[in-house]
Amino acid sequence: MLRTATAILLATTAPALALTPDEIRSASYDGGALSEEQTGLAFTVQVLLDRAGVSPGVIDGWGGGMTVSAIEAFERREGLEPDGQLDPEVWEALGGPSAGAVLQDYTITEEDASGLVDAIPEDYAEKAKMESQGYVRVSEKLAERFHMDEDTLVALNEGTDFAPGETILVAAPGDDLAAEGEVARIEVRKDVQRLAAFDADGNMIANYPVTVGSAQTPSPSGTVEVVAIAPDPNYTYDPDENFTQGDNDEVLIVPPGPNGPVGSMWIDLSKPTYGLHGTAEPASLFEAASHGCVRLTNWDAGELAQLVKVGTTVEFME
């Protein structure tokens, strides 16, 4: 079979993976802190956190950044010392000794390869001309489905065309609704870039990494509430209300899609023009700033939307 241009591009641009499928499968914990490097153990811990309803962001096997913040959030929920470090108590609470496989086989379908777009332009006027802000690659679509970093997915499946009929290795994360319950209150914790969701009794039932606003375009302060939930939203670009992108000085309607400016989910807040929403670049959550709204991975935003309702309180904490 001839390799597709997309497969060749992915194979030549993806960074080398520091671990192999066998290293992930054989990973074990014998004590000590988690390395900041890319390891099979970090990959395993990320999958277990995801299953526990505490999102590590993208599953990529790297032990720093979002993984540390997720471990700390998990420790807080479980009543453990919140130091962000893997230790025997955390490993046990995650179910590490009896976790089962963290990798699984997946056979690519024709549907996986459908609905793709050629490219996503940077310019909002060009975006507005499109029918969809859809996925560009099969690997991109499947990385989101299995909560993975796309480069890591591609590297784990070196030599794969990501064509229908091929069987690939993917993470085995939590279900689409790993968290359970109804969220009564949300805390957006700007200092640690995490969103914590609590039920009416004050129990933390979900926790996600987020990107918040910068000093120039800050996220709100104080307390607001959810006023609407919109899956697959389009995006209204209004330079008079929000920010200026390129040379665009007119209102534009960008069509929906996972690669749109607000991803595949919008949770509208009572402060006008602000919301909790998905993102086209899940791997950049800890590296970028938003235009004031709160960005989550598309899958985390989708899960959160199932847990909240109109009237849910959202508190922004400095």
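Guide: Two strands pair if DSSP finds at least two bridges between them. Keep that in mind as we look at this predicted model.

Visitor: What makes β10 and β11 a pair?

Guide: Strand β10 (residues 275-277) and β11 are joined by two bridges. At least two are needed, so they count as paired. Their sense is parallel, and L276 has V294 in β11 as its bridge partner.

Visitor: Why are β5 and β11 called edge strands?

Guide: Each of them, β5 (204-209) and β11 (294-295), pairs on one side only. They belong to an open sheet of eight strands, in the order β5-β4-β3-β12-β6-β9-β10-β11, with mixed pairing.

Visitor: How do you know that helix α4 packs on the sheet?

Guide: Contact requires heavy atoms within 4.5 Å, and α4 (residues 66-78) touches β3 (185-189), β4 (194-198) and β5. The direction of α4 makes about 170 degrees with that of β5. Helix α9 (residues 298-307) also lies across β5, among other strands, running at about 150 degrees to β5.

Visitor: Why is 18 Å expected for α4?

Guide: The expected span is 1.5 Å times one less than the number of residues. With 13 residues, α4 is therefore expected to span 18 Å, and its reach from first C-alpha to last is close to that, at 18 Å.

Visitor: Which residues of α4 are buried?

Guide: Buried means under 20% relative accessible area. M66, T67, S69, A70, I71, A73, F74 and E75 are the buried ones in α4. Their cover includes α3 (40-51), α5 (88-93), β4 and β5. Just after α4, G79 takes a positive phi of about 75 degrees.

Key. Residues are numbered from 1 along each chain as its sequence is written. This is a predicted model: local features need pLDDT of at least 70, side-chain atom pairs count only at pLDDT 80 or more; totals for chains, interfaces and linings use all residues. Side-chain values use heavy atoms; hydrogens and water are left out. Helices (H or I, at least four residues) and strands (E, at least two) are DSSP runs, numbered from the N terminus. Axes are lines fitted to C-alpha atoms, for helices over the stretch in contact, and angles run from 0 to 180 degrees between N-to-C directions. Buried means under 20% relative accessible area, exposed over 50%, partly exposed in between (1.4 Å probe, protein chains only).
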